[in-house]
Each structure stands twice: as structure tokens, then as C-alpha cells.
Amino acid sequence: MSVSTRSVRLAAAVLALAAVILSVAMLERARSGIERTAFPVGDTPATLYRPEGAAEAPLAVVAHGFGGSRQMMEAISLSLARAGMAVVSFDFHGQGRSRLPMSPDAFPNERGSSGTTVQLMRQTLQVIEAAEALPGVRGPAALVGHSMATDILVRAARERGAIGPVALISAYSRQVTPETPAKLLILSGQREGGLREVALEMVHQVAPAAAEGETVRAGAVERRAAVSPWVGHAGVLWSPATLRELRDWLAPGAAPVAATGPWILLLLGALVALAWPVAGLLPDRRRPAPEAGWRFFLVLLLLPALPAAMAALQFGGSVLGFAGFGRIALFFGVWGAVQLALLAHYPGLELRIDWPALGALLAASLAFALAMDRYAAAFLPTGPRIALTALLAAGTLPFMLAHAQLAHGARLWRRALLALVPILTLGGAMAAEPERLGLSFTVAPVFLLFLLVFGLMGRWIGGRTGPATVGVGLGIVLAWSIAASTPLFGASSTLVY
């Protein structure tokens, strides 16, 4: 390594470390002055946020969307707690830290509900009841929910009757009526065109000529549809505009909101960037490898598609009591096995493991996962997800071993196809058989984000070592990424809820 390259890597390391320290300090500062207490409600993991030293506070219950967790809602929870509220945020069954799966009856019946909807609504009612029984809180509870939770909360509010103000973020529920909920705020991201229309429909039930950003009243009913600029379905949760609207609707005042979104992005970006100077510390053990001819590459790319999709559709329906995970493991495993079998006699195949490089890749990935899990979204396997990680690794290891061999030193168009073809095949299988694979649709965005984040780390470290090292490391990381973030559905429709 030249002196100039070494200097650039050193400067990058210093800047990235400074960004990590600054962002962690700001994120922890956002939590200062707020008591955060574990508040399990039966089998439901929950957290109570309240201002330090507050004798009494009005109550809000906060619920996340599909595939989310309490961590995803923390900017909202902290902002409301700063405004003087006691906030209970919880994980729905099958998501976050929950150990219990959701009902597999996820498809709506003729009444517009499903077994999953009924299960999660009952869970929500239990959390509201337990939260209102806490000492030092004033009810009835205000309700805040995102995406999937908006439908659950509207149904729970109608079932319960006595409820405080309601705020729905990225709402799609058709259960809102001109009378209920009585005090309703509907928030959408600027890039959520269809959901913005749904929000206006809810307001137009009360005032047909109302526009976004206008608060309307009709007797005891009050409605407002507001838009957070620039953001979409996920970013709306961290938008300062969202946080201010929620504060003003539920706890009017001048308390500063917990605008943690930019600091989370800075922290995660800095942790990824650190992998580049770390890679420079590794000894250079690269070996030249020939690139597969384009005909052989296309065979390697396309031949696994049919057997992988068929294996996922036909087998692995129930593993460890959960739906979907066996099918996903089979899909990746068969895909990788076919490619490795074709590569077995190829002169470029390399199976040498560089243990220091593997350790560096796993350490960098773990640092990212820890930061993600603490500040942004549940991203560490716990409970039954630990066993599911091991199950998935049986498939993701051969898949990533083959992927790393083919991506090592490859041109951009080849790397793009290596990412897109498997995910498009999996998406096609999900669309063809939604009742078998559709419940695992979150695997697709997780896989793409995995390649953007951990794949970049692996590419930097792989530039100093061989593809087998990167394949093993990323195979482990892909297994834990899917296991940690994929919602858990029960494998039997007889699941009690």
C-alpha cells in the first residue's frame, strides 16, 4: 500500500470514528431526561417512556407497522415523553422481540378482517388496559400507530369506546367512520401518494372541501390530514414534521422533538465507512482468478432459478413451528448448491478461508447490527430467532459462497444481475403462490439492503482476501438479517389467539 493510500485510509478512519462518536452522543442525548422502563404485558414486550420525576402524565400507546418494532417508533415515543406524556410502546406478536408468532390466517375474509387482525387487536386492547392501570398516568389512552397498526388501532378504538386522541401514520384502514375516532390526525409522507388520498378521504367524511394541513370540526369530531415533506413510508417516522404534528395533536406545547433520524443515518453510514480503512489493515492475500465467460455466466445465473423456486414451493412449509423460514432456507440453499456444483471443476473456484479477514467482516457487521438494533429497528436475533438463524444459514452459506465466487472482481453489470435475478425469482414465486411464500415478502427488501450495506463491506474486505472468506461471512450475516427482521407466522391455522 502506498503512503498516499495509507494516509487517505487513516483520514477516512478518523472522520468515520468522529462521526460515530458524535452521532452516538446526540442519540443518547435525545434519551436524556426520559425514564425508559421495561413494561412487559403478559407475552408482549413493551417499554414505558416518561419524563424523569413526573408525578402524573397523560398516556399514549404507540404501535409499529408490519415488520417493525419499538425501536422504529422511538423518535415518536421520545418526542411525546419530552412533551410530558407517559408512553407505552410495544412489539406486536411475531415482530421485534416478541417470542410468539402471528396467526397464519393473514388474508382478509368477507368481513374485511383476518385471524391475524383479530389476534393483534386483542393484543393491543390488553396493552391499553395494562397501560391505563399504571400508577401516575391519566387516561383514556391516546393512540399512535404506523401502517399496519393504523387498522388495528382504529378497530381497537371502536371496540373499546373510551379512547383519547388518535394519530395514524401512513394509514390505509377503511374502518374509520364519520363519527369514530372522534379526534383523529392522519399523517402521510409526501411520497405516499395513494395513502395521502386515503387520509383526505377520512377528513372529507367530516368536511368534503377540506385540504391537507387544515383542521376541521363537526360537532365533537375533529380531523386533520397532514403531510411530512420529502419522505416516504419509512422516513415519515423520523421526520421532524411528523414529530411536531404528533406533539401538537396529543400534547400541545413547545417541547423540542427528538429528531434522531439524521443522527441514525450518520451513525450507520460511518460504521459502514469504517470497514474500508479496516480492510486496509489486512494483509493482501488476493489471488488472480479468471472471470467466467459470458455464456457460462448466464448458465450459472439462470439454471438455479427453477429448482430453487420449486423446492421452496413444495417443501419446508413448517419448521420449528413457524411458516416460511424453511422455504426461504431451501430457496437460497438450492440456488447456491446448483451454482457450486457447476463451479466445482472451474479453475477460478477458491475455498481458502482467511480467518483474520473473516473476523474483521463479522466484527464490522456486528457493530452495524448493534447500532441498528439500539437506535433504528430490531436487528439482533433473540428467542426463537436464534434457532432460525442456524436454519437459514444452512441455505445462505452455499448461496453466498457461490455469489462471492461469481462477484469477485466482476464487472458492475454482472454483480447487478447476481443480485437481481435471485430476488426477482423469489418475488415471482411469492406472487404465484402467496399462501405459501407471500408471508415472507419482507425477505426481498432485506436482501437488497443486505447487499447494499454488508455487501459493500464484503467487497472492501474481499479486495484483500479470497471470495470464500467473504462468502462465509456474508452467508452468516444474511441468515441473521433475515431471521432478525422477518415477521414470525405460526405454521398452523389452528394457532390459538
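pLDDT is the predictor's confidence in each residue, from 0 to 100. The structure shown in these views is a predicted model.

**View 1. The stretch of residues 493-497, where pLDDT stays under 50.** For residues 493-497, the model has 14 contacts beyond four places in sequence. Over the protein as a whole, pLDDT averages 92, and 95% of the residues score at least 70.

**View 2. The whole protein, with its 16 helices and eleven strands.** The radius of gyration is 24 Å, close to the 23 Å that the globule rule gives for 497 residues, so the protein is as compact as a globular protein of that length. Of the 497 residues, 56% are buried. The protein exposes about 20,300 Å², and carbon and sulfur atoms supply 64% of that area. Taking contacts between residues at least 6 apart in sequence, 74% join residues at least 24 apart.

**View 3. The salt bridge between Glu 28 and Arg 374.** This pair belongs to a structure that holds 15 salt bridges. The closest N and O atoms of Glu 28 and Arg 374 are 3.0 Å apart. Glu 28 lies in helix 1 (residues 3-31) and Arg 374 in helix 11 (residues 355-375), so the bridge ties together parts that are 346 residues apart in sequence. Glu 28 has a relative accessibility of 29% and counts as partly exposed. Arg 374 also counts as partly exposed, at 38%.

**View 4. The salt bridge between Asp 91 and Arg 70.** The two side chains meet at 3.1 Å, N to O. Asp 91 sits in the loop between strand 4 (86-90) and helix 3 (115-132), while Arg 70 sits in the loop between strand 3 (57-63) and helix 2 (74-82), so this pair ties together parts that are 21 residues apart in sequence. Asp 91 and Arg 70 are both buried.

**View 5. The salt bridge between Arg 464 and Asp 284.** Here the closest N and O atoms are 4.0 Å apart. Arg 464 is in the loop between helix 15 (443-462) and helix 16 (467-485), and Asp 284 is in the loop between helix 7 (261-280) and helix 8 (294-302), so the pair ties together parts that are 180 residues apart in sequence. Arg 464 counts as buried, because its relative accessibility is 14% and the cut-off for buried is under 20%. Asp 284, with a relative accessible area of 40%, is partly exposed.

**View 6. The network of Arg 31, Arg 36 and Glu 74, joined by salt bridges that share partners.** Arg 36 is in strand 1 (residues 34-38). Its relative accessible area is 39%, so Arg 36 is partly exposed. The side chains of Arg 36 and Glu 74 are joined by a polar contact of 3.3 Å. Leaving aside residues up to four places away in sequence, Arg 36 touches Arg 31, Thr 47, Leu 48, Tyr 49 and Glu 74. Val 421 is 385 residues from Arg 36 along the chain, and the C-alpha atoms of these two residues are separated by 44 Å.

**View 7. Helix 2 and the residue Gly 84 just after it.** Eight of the nine residues of helix 2 are buried, so the helix is largely enclosed by the rest of the structure. The buried residues are Glu 74, Ala 75, Ile 76, Ser 77, Leu 78, Ser 79, Leu 80 and Ala 81. Glu 74 is also a member of the network with Arg 31 and Arg 36. Just after the helix, Gly 84 takes a positive phi of about 100°.

**View 8. Gln 123 in helix 3.** At 1% relative accessibility, Gln 123 is buried. Not counting residues up to four places away in sequence, Gln 123 touches Thr 44, Phe 90, Asp 91, Phe 92 and His 93. Among these, Asp 91 is the residue that forms a salt bridge with Arg 70.

Terms used: Residues are numbered from 1 along each chain as its sequence is written. This is a predicted model: local features need pLDDT of at least 70, side-chain atom pairs count only at pLDDT 80 or more; totals for chains, interfaces and linings use all residues. Side-chain values use heavy atoms; hydrogens and water are left out. Contact means heavy atoms within 4.5 Å. Helices (H or I, at least four residues) and strands (E, at least two) are DSSP runs, numbered from the N terminus. Buried means under 20% relative accessible area, exposed over 50%, partly exposed in between (1.4 Å probe, protein chains only). The radius of gyration is taken over C-alpha atoms; the globule rule is 2.2 Å times the number of residues to the power 0.38. Accessible areas come from the Shrake-Rupley method with a 1.4 Å probe; for residues, only the protein chains shown count as cover. A polar contact is a pair of N or O atoms within 3.5 Å; within protein, one must be able to donate a hydrogen and the other to accept it, and residues adjacent in sequence count only if both atoms are side-chain atoms.
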